[in-house]
Amino acid sequence: MDTVVINNITKKFEHTTAIDDLTLTIPTGQMTGIVGADAAGKTTLLRIIIGLLCADSGTVTTLGYDPARQKKELIAQIGYMPQKFGLYEDLSVRENLEFYADLKSVDKNFDELLDFTGLRPFQKRLAGNLSGGMKQKVGLACALLGDPKFLVLDEPSVGVDPISRRDLMRLVRATIKEDTTVIWSTAYLDEANSFDNTVVIDKGKVIFHGPPETLAATSADFEREVIRLMGGYEEKESQIAAHYIYRESTVEYPVEALNLLKMYGNFAAVKNNTFHIRKGEIFGLLGPNGAGKSTSFKMMCGLARPTDGTAKIMGVDIRKNPTLARSYLGYMAQKFSLYGNMSVRENLEFFAGIYGIPLAKIKERVGSIASYFGLTVYFDQLSEKLPLGIKQRLSLACALIHNPPILFLDEATSGVDVVTRKEFWCHLRALAKKGVTILITTHFMDEAEYCDNISLFYQGETIAVGTPAALKAQAAAATMEEAFITLINRKDAESGRL
Amino acid sequence: MRILWAFIKKEFLQIFRDPSSILIAFILPTLLSLIYMYGINVDSVNINLGLKLDDANPRVVSLARSFSNNQYIRTKVYDDKDAMYSDIVNSKLQGAVIVPNDFTVTLNNGRTAQILVITDGSETNTANYVQSYASGVIYQWLETTGYSKQQVSLIDPQLRIWYNEKLDSHYFILPGSLAVTLSLVGILLTALVVAREWERGTMEALLSTRLSRLHFVAGKYFSYYILGICSLLFNVFLCIAVFDLPFRGSYIILFLVGSLFLLTCMGIGLLVSTIFKNQFLACQISLVMGFLPALLLSGLMFPISSMPAFFRYLTAVLPQRYFVSFIESEFLAGTISDIVLINTVYLSCLCLVLLFLVYKNTLVRLEK
């Protein structure tokens, strides 16, 4: 018997069709991965399956129930972990567990669960004071209470480094019984190969369904196949780079970090960080969550004050003249720092203004940059209503509006679909070729491969620097992900932490 | 039952750990009470009065003394008219009195003498005080001088002030302010709690458990009712024990009607929170719907009977209005069954309607 049978469901929201005539069966006793970019329809699909939302048309049967009408009976047999984990931040780990155990009317013997997740030492800590990875574990523990027949996990691995991701997967695999069905949604294509059964969703439709090996053997191949299924991707010459005006300068290392140190009380978030980025180089900062990437990043752009050391942008000391140093930067953050209730044009005009483009030239510059970025058709739409990929392009346009010689990208590609990411990287490489120096942080290991040089960051320190090939050789690994895990484990072993 | 109990326990843990709930329930009322008790004075106003005496007659000097002897008036005598006017312009004076040079001469001739009283009309209320203080002082002075040889008055009105013998406005403002405080506790505090569940994503997790709509509504009402009642008792204690206000009614009636009022306010708060699912918005709306009407339209500061018809009818849907009229009479006049009854009936109706709306609007899924 199948756990979930879905026939031709459609779900529309105000502006968009989230699920478009989707048909799917999920087999019992297997782990099914639902893979897709943000806004592909993953969360809506999961919510419909467990009865938190109702489809506009079509039928759904979950564990033999109709979730639209028999939600009460159905919910008693499901363990669900929502995207924000559903934890009460002002309750301790134990109180959260007890609360959910009461709501599910199961007994409160958490010993096994606490040992298994390694949460025992943190029982008394408030959930709000846990790290992202720990919260995930508590959320998972809450979902696992009462041994549900059907475990539904909505993006349990979002924003998490490869090591924590593997841990979590191992944890789920080990806890479930043989006949437990698991749904695990994710935005990372490279996770696709770790499921028994993989469903790839794009724009509310299933584009692939089956054991992942039947599509491709490795995650790199899987990605290529998915791109093909999404309609293929053709690399075109980047219009953005073609119209970029590079101003020659004699600075050899446009971006330099010199012994950066950041202390929070007695805790060193960043220790003695030093690197030099050559002109036209793409430099990647990689590392697990909480390694100090963001802190380094903030110090580099003068948003956080270093406890010691400094950074130089085009040779200008960021501590001495932050305003001048920042004027060389184009900055694009993970959460699109656009004004949602302003149109594309207004956003561009605003950023042109604050980046110091003369008033008389703003209109012309905005018009031309919009045409290079293919944004002219969206000119008068509110930016919050744009599709994610277009939002990302708009963010990049805003960052590049003043032709900066340096670009800082902080997890700029999270949540974007694979085709859009490819396109984005095509622009970045072309820009680098024209001489733009790029500093980037990312959780996608395949993106790390595109960088010229990588600094692997762990516990506030750089533990390895080099080209992707050099790092892989150093770890004797075939892929970047393996290299990442090996190097960090090696560091742990050296410091006697294992 | 286990589910409801767990939910209530969770609410209390959150109440104790969230400083804002203690702040709104206990610190804020204390502050408000202190302000009402010591900060606000609607009975009398101290004014600065300019005095210019153009008449050099020594009898006029005794008039000046009468002015300066008045406890509410600070007088300053001017020789230069322009200097006095400029002090009025700069708001250093709230009014001025000019005694003309023919003042005593006219009085001596048995004719009606004139005195000029200037007031600052940009503050109407103060202007009225200046006017009445000034005329009061002048008439008193006139009685003592012997200029007036009036006949003995035929009627001597005997004044008796009921309920508030000292005519101390604090006696009704402070109990009435309980309506403001409890509105804040009831509406503001509860407005945040459902919205918070939505904002932090915990609502989605709750909806995927066996917690039913009844559990949810009952749990929220119960937990915050307890907090509100503690706040009510605390406030009554402040009024009676600390500020030494007379209480002539029944504590049981006060507790019952107070509970009813609290539940009504919580209904408003929960409804706002349930509908908007956003803490900021819920907070704004509850301030506009809770605090302002409680202060301005409840009859606490401004009598409802003197409002324009539209606002008079508008107050009919405000729970604060019924509570203010109840609590003022409960404190000062004791339990009057008609007043208790009619206010209770209105409050109960509002309370039930709100409860029904809250229940109807509490979702069992993420959308309707």
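## A kinked helix in chain B

Let's begin with helix H11 of chain B, which has a kink of about 30° centred on B:Leu287. This is a predicted model, so keep in mind that you are looking at computed positions. Helix H11 of chain B covers residues 279-296, 18 residues in total. From first C-alpha to last, the helix reaches 25 Å, close to the 26 Å expected at 1.5 Å a residue.

Which residues of H11(B) are buried? They are B:Ala282, B:Ile285, B:Ser286, B:Gly290, B:Pro293 and B:Ala294. These buried residues pack against three helices of chain B: H7 (170-199), H10 (251-276) and H13 (319-332).

## Where the two chains meet

Now look at the place where chains A and B touch. On one side are 26 residues of chain A, in contact with 22 residues of chain B. On the chain A side, the elements giving two or more residues are helix H1 (42-50), helix H2 (71-75), strand E5 (78-81) and helix H3 (93-103). Helix H3 of chain A gives the most, with 5 residues. By type, the chain A side splits into 14 nonpolar, 8 charged and 4 polar residues.

## A closer look at A:Leu103

A:Leu103 sits in helix H3 of chain A. Is A:Leu103 buried or exposed? With 22 other C-beta atoms within 10 Å, A:Leu103 is buried, because the cut-off for a buried residue is 20 or more.

Setting aside its neighbours within four places in sequence, A:Leu103 is in contact with B:Ile3, B:Ala6, B:Thr209, B:Arg210 and B:Leu211.

## Two nonpolar cores

The largest nonpolar core has 77 residues. Those with the most contacts inside this core are A:Ile49, A:Ile50, A:Val138, A:Ala143, A:Val152 and A:Ile183. Take A:Val152 as an example: leaving out neighbours within four places in sequence, A:Val152 is in contact with A:Leu46, A:Ile49, A:Ile50, A:Ile78, A:Gly79, A:Tyr80 and A:Ile183.

Apart from this core lies another, of 74 residues, including A:Ala241, A:Val255, A:Val270 and A:Ile406.

## How confident is the prediction?

Chain A averages a pLDDT of 87, and 99% of its residues score at least 70. Where in chain A is confidence highest, and where is it lowest? The highest mean, 94, belongs to strand E6 (residues 150-153) of chain A, and the lowest, 82, to helix H8 (residues 239-242) of chain A.

Technical notes
Residues numbered from 1 in each chain as written. Chains lettered and ligands numbered in written order. Predicted model: local features only at pLDDT ≥ 70, side-chain atom pairs only at ≥ 80, totals over all residues. Helix = DSSP H or I, 4+ residues; strand = E, 2+ residues; numbered from the N terminus. Expected span 1.5 Å × (residues − 1). Bend = angle between axes of the 7 residues up to and from the residue. Buried ≥ 20, exposed ≤ 12 C-beta atoms within 10 Å, placed from the backbone. Contact = placed C-beta atoms within 7 Å. Nonpolar A, V, L, I, M, F, W, Y, C, P; charged D, E, K, R; others polar. pLDDT = per-residue confidence, 0-100. Core = buried A, V, L, I, M, F, W, Y, C linked by C-beta atoms within 7 Å.
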